[in-house]
Amino acid sequence: MNVDPYKIEIFLDQKILHPGQKLTGTVILDLQKALSCSRIEVQLFGSARVFFVQQITKPTVLLQNKAFEQEIILLDQTKNVYDDGSKPKQLTLDEIARKSSSTAIRFPTQKSSTISSGTHEYQFGFDLPAAGLYTSFDAKGAAGYVRYYILVKCFNGPTVVRRQKLLFPIVVPVVLTLDPTPEIVLDRYVKTSKGLVTVKLQLAKNKFLPGEAVNGVVTINNQTTSSIKKAHLYIVQDTVCYAVTPESQFQESQYKTPGMGLPQDKVTAGNSLQYPIRFNIPALVPGVLVDGCIHMQYQLCLDVGFEREINKGTIAQITVPIEIGTHISADAPPPYDSLDFSVSSAPPGYNQSVTGLTETFEAEFSNLYNPMCCYYSNPGFEKDENSKKNE
């Protein structure tokens, strides 16, 4: 097994950053042997990017893939943390053509600088702008993302000899204003060939913090000849991504979080059931709106049907737009790890919501990062919706 003798690691002093904060960190070079390097550059970069491929039909061909994209640069700053003071010589076109000849006479070049073997540490820092940034966003199946990263490049003259990248999340605080309005009540009356089904969803509010319990009641009145075996409550993350090159186009995607099922096996024919909601908001990032590029928002959904399978046989659906925030006061937001909503079995915070990537692949990005959602289920209340057992 070959081990790279040149190991580069990047460590940030903050796990989650907000606009206006100071980003500080350390670059550690663990060298098993000397590295030819004249300069080490640290780049802070962030962008909102959209990329997707669609199949189009042309008269001369059956199907053709066409790529659409857009990128908005949000951050781009660089600093040198090591520099030996030498300046790489810029070659002219004539010199390049002359030296590329097999008969050219090449004089010995100046010996390049080296960093000795061992461990070397270099500190760096950047001031994040107070405005113009958006919350980091990645979602499965989405055609766009908002990402921020630190890129370290080691130069030997004008050539990059080593590089390392580290993704990190930025969260823009969202203050929730709780409206003094009465509870939200939505009804659905569905007439089927088997009879009438009435579904009612009552919510105390529609603005939540991550980890907060959803207070409400679900009522199902089954006046049919069959049993209702599905009542699935979950959150839908709806994302619309817009591209401008080579022409304007958009693509929409949805991601469904794990949710809550019926608290009992089924609602038999001619009976009704009323039960409290036992569901906590997963560790979702606030909604994202990058004007003309990415629009992501949430809906709380309740699906009711005769079949147990989640994606089959829904006869009634209730949807409620919801807003996810970071805090509910005008004061500076507390650290996310310190948020305590006094709920049992609460989902992890933002720091642990780091799994997976979008379908917009980039080889250099780590596959361990995703500020999207941490999977959460309520023990004792989550039903096995995929079970095909009929009772």
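These legends walk through several close-up views of a predicted model.

**View 1. The whole protein chain, for orientation.** Here we have 391 residues, and 42% of them count as buried. The protein chain holds one helix and 19 strands. Take the contacts with a separation of 6 or more: 72% of them come from residues 24 or more positions apart. The accessible surface is about 20600 Å², and carbon and sulfur atoms own 50% of that.

**View 2. The ring pair of F45 and Y149.** The count of aromatic pairs comes to six. In the one shown here, the ring centres of F45 and Y149 are 5.3 Å apart and the planes are at 35°, so the pair is tilted. F45 belongs to strand 4 (residues 39–56) and Y149 to strand 8 (residues 144–156), so this pair ties together parts that are 104 residues apart in sequence. F45 is buried, at a relative accessible area of 12%, and Y149 is buried at 12% too.

**View 3. The ring pair of Y82 and Y122.** These rings have centres 6.0 Å apart and planes at 55°, so we call this pair tilted. Distant parts of the chain get linked here: Y82 sits in strand 5 (residues 64–83) and Y122 in strand 7 (residues 118–127), 40 residues apart. Y122 counts as buried, with 13% relative accessibility.

**View 4. Lysines over rings.** Look at Y149 again: the charged end of K165 sits over its ring, 4.1 Å from the centre. Elsewhere, K194 has its charged end over the ring of F306, 4.7 Å from the centre of that ring.

View 5. Side chains of opposite charge can pair when their charged atoms come close. Searching the whole structure turns up 11 salt bridges. One of them joins the side chains of R39 and E41, at 3.2 Å from N to O. R39 is partly exposed, at 21% relative accessible area, whereas E41 is buried, at 13%.

**View 6. R49 with E69.** Another salt bridge brings together the side chains of R49 and E69, with 3.6 Å from N to O. This pair links distant parts of the chain, with R49 in strand 4 and E69 in strand 5, 20 residues apart. R49 counts as buried at 17% relative accessibility, while E69, at 35%, counts as partly exposed.

**View 7. K7 with E9.** In this salt bridge, the closest N and O atoms of K7 and E9 are 4.0 Å apart. K7 is partly exposed, at 42% relative accessibility, and E9 is partly exposed as well, at 29%.

Notes: Residues numbered from 1 in each chain as written. Predicted model: local features only at pLDDT ≥ 70, side-chain atom pairs only at ≥ 80, totals over all residues. Heavy atoms only, no water. Phe/Tyr/Trp six-rings, centres within 6.5 Å; stacked < 30°, edge-to-face > 60°. Helix = DSSP H or I, 4+ residues; strand = E, 2+ residues; numbered from the N terminus. Buried < 20%, exposed > 50% of the residue type's maximum accessible area, 1.4 Å probe, protein only. Lys NZ or Arg CZ within 6 Å of the ring centre and 35° of its normal. Contact = heavy atoms within 4.5 Å. Areas by Shrake-Rupley, 256 points an atom, 1.4 Å probe, with all protein chains shown as cover.
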